[in-house]
Amino acid sequence: MKKIYFLLLTLIGLISYAQTPIITAIVDGDCSGGNPKLLEIYASGTVDFSLYSLENQTNANTTWGNTQDLSALGIVTNNFVYITTGGSETALGSEFPSITFGDANVLASNTMNVNGNDRIRIILTADSSVIDQFGAEGTDGSGTTWEYADSYAKRNGSTGPDGGFSEANWTFGGDSALDGLGVCQGGSDTFETLIGGIGTYSSTGAT
């Protein structure tokens with residue numbers, strides 16, 4: 001009986017763990033206006049995005065703000081959603097052909113109007129508890145290993161979500177990795193190709 005009870009608790013824990021949004025990639029493009037801005041989020045399990053909000057923290061600021069309710073993304077199961085900015089529509093079309101601006105899994109938000117030294121996080125709207133975060137709290141990312149200006153970062157598989165920023169769980173594109181590149185600047189490869197594709201994250205928590 002004790003074994004059955006333990007197994008039930010373990011199963012409940014795994015199900016609870018799986019039902020969460022995870023930040024899996026962030027891109028600061030180098031097309032006109034520094035576009036496209038892109039945040040990729042993986043819905044691990046069945047995620048009701050009406051429970052969550054997105055916040056940013058810019059430059060050397062130590063407070064979080066510019067809150068974006070994520071309800072418009074609806075309920076998503078084991079799939080990716082994308083947050084971009086209204087000004088990124090043209091660049092998104094040329095550089096990320098797998099993403100269609102205006103689709104149900106794409107949300108345009110001023111919260112993603114960030115630069116490569118800024119932080120972004122997902123919170124539980126009800127109590128502001130941190131679900132996942134990219135970038136070190138209260139730290140201007142300029143010159144850090146996690147800076148993504150004209151570059152990108154992708155989460156390592158089977159990691160996250162992190163209640164705070166865990167740098168070891170990420171692979172970084174490096175300083176200005178997209179600078180001067182992309183179809184928008186006469187290149188032969190899109191940003192999507194240059195960063196190794198989108199939707200590439202895999203999570204053991206989703207199984």
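## Ground rules

Two strands count as paired if DSSP finds at least two bridges between them. The strands themselves are DSSP runs (E, at least two residues), numbered from the N terminus.

This is a predicted model, where local features need pLDDT of at least 70, side-chain atom pairs count only at pLDDT 80 or more, and totals for chains, interfaces and linings use all residues. Residues are numbered from 1 along each chain as its sequence is written, and side-chain values use heavy atoms, with hydrogens and water left out.

## The six-stranded sheet

Start with the open sheet of six strands, which runs S6-S5-S2-S1-S9-S10 and mixes its pairing. At the edges sit strand S6 (106-108) and strand S10 (170-172), each pairing on one side only. On average, neighbouring strands here are turned by 20° against each other, direction ignored; the axes behind that angle are lines fitted to C-alpha atoms, and angles run from 0 to 180 degrees between N-to-C directions.

Inside this sheet, eight bridges hold strand S2 (residues 35-48) and strand S5 (residues 75-84) in an antiparallel pair. If you want a spot to look at, Tyr42 stands opposite Phe80 in S5.

## The four-stranded sheet

The other open sheet to look at has four strands in the order S4-S3-S7-S8, with antiparallel pairing. Its edge strands are strand S4 (65-69) and S8, and each of them pairs on one side only. Neighbours in this sheet are turned by 25° against each other on average, again ignoring direction.

S7 pairs with S3 in the antiparallel sense over six bridges, and five bridges join S7 to S8, also antiparallel. S7 is mostly covered: five of its six residues are buried, where buried means under 20% relative accessible area, exposed over 50% and partly exposed in between (1.4 Å probe, protein chains only).

## Arg121 and its neighbours

Arg121 is worth a click. Glu55 stands opposite Arg121 in S7, while Arg121 in turn stands opposite Gln133 in S8. Arg121 also forms a salt bridge with Glu55, their closest N and O atoms being 2.8 Å apart; the term covers a side-chain nitrogen of Lys or Arg within 4 Å of a carboxyl oxygen of Asp or Glu. The pair links distant parts of the chain, with Arg121 in strand S7 (residues 119-124) and Glu55 in strand S3 (residues 52-57), 66 residues apart. Arg121 and Glu55 are both buried.

A search of the whole structure turns up four salt bridges. One of them has the side chains of Asp132 and Arg155 meeting at 3.0 Å, N to O. Asp132 lies in strand S8 (residues 129-134) and Arg155 in strand S9 (residues 152-155), so this pair ties together parts that are 23 residues apart in sequence. Asp132 counts as buried because its relative accessibility is 0%, and Arg155 counts as buried at 5%.

Arg155 has another partner: the side chain of Asp162 meets Arg155 in a salt bridge, also given as 3.0 Å, N to O. Asp162 is buried, as is Arg155. Through these shared partners, salt bridges join Asp132, Arg155 and Asp162 into one network.
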